[in-house]
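Here is a short briefing on one protein chain. Look at the sequence and the structure first, then read the points below.

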Amino acid sequence: MEIILYIAALIAAIGFLVLCISLAMTLTSLKKTLTNVSNTMAGLEGQLQGVTRETTELLHKTNGLASDLQYKSEKLNSVVDAVKNVGESVNGLNTSVRRITSSISTEVERNEDKIAQVVQWSNVVMGIRDKLKERKALEEARAGYTIYSNNPDEVATKQNQGGI
């Protein structure tokens, strides 16, 4: 029975040794993995600092653009107000033109007979003027011919020389 006890102790010792060896191998592997993780974290920390710096610059640029956009928006509001005022002025002008046109149309309808008389009289006057022109042309034709020139001295000279 003693031998069984020694064999059991020897098996327990061998088991403990196998456990220690496998634990040592696991811890060594874990050490390598943690070293790699540590190196990766250091690289990530450097990259994160770069990203943080770029993000800060981007945030400053975004703030600058936002303030510029707000400034331009305020300027655009004044332009929009001016355009609105011009639109209102044009509407007022259109209303005034409509009223004046309506008033003129009403007056023309009211004075239609008088306008017709004025047109008739103007036609009569134009006819008389045409008759006078014809009569004057006939008189000039009977008196002889006329030399037309841009220089009045030349015409007077020709008349004195008997050319006309």
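Asp68 and Lys72 are four residues apart in helix 1 (residues 2–110), which puts about one helical turn between them. Their side chains meet in a salt bridge, with 3.2 Å from N to O. The model is a predicted one.

**Overall make-up**

- The chain contains three helices and zero strands.
- Of the 164 residues in the chain, 1% are buried.
- The chain has an accessible surface of about 15,000 Å². Carbon and sulfur atoms account for 63% of that surface.

**Helix 2**

- Helix 2 covers residues 112–143, which is 32 residues.

- How many salt bridges does the chain have? The count comes to three, and the bridge between Asp68 and Lys72 is one of them.
- Asp68 has a relative accessible area of 32%. Buried means under 20% and exposed means over 50%, so a residue in between is called partly exposed. Asp68 is therefore partly exposed.
- Arg110 forms a salt bridge with Glu107, and their closest N and O atoms are 2.8 Å apart.
- Arg110 and Glu107 both belong to helix 1 and sit three residues apart, about one turn of the helix.
- Why can residues with this kind of spacing point the same way? An α-helix has 3.6 residues a turn, so residues three or four places apart point the same way.
- Is Arg110 buried or exposed? Arg110 is exposed, because its relative accessible area is 59%, while Glu107, at 33%, counts as partly exposed.

**The salt bridge of Arg129 and Asp130**

- The side chains of Arg129 and Asp130 meet in a salt bridge, with 3.8 Å from N to O. A salt bridge requires a distance within 4 Å, so a pair at 3.8 Å is counted.
- Arg129 has a relative accessible area of 40% and is partly exposed.
- Asp130 is partly exposed as well, with a relative accessible area of 38%.

Technical notes. Residues numbered from 1 in each chain as written. Predicted model: local features only at pLDDT ≥ 70, side-chain atom pairs only at ≥ 80, totals over all residues. Heavy atoms only, no water. Helix = DSSP H or I, 4+ residues; strand = E, 2+ residues; numbered from the N terminus. Expected span 1.5 Å × (residues − 1). Buried < 20%, exposed > 50% of the residue type's maximum accessible area, 1.4 Å probe, protein only. Areas by Shrake-Rupley, 256 points an atom, 1.4 Å probe, with all protein chains shown as cover.
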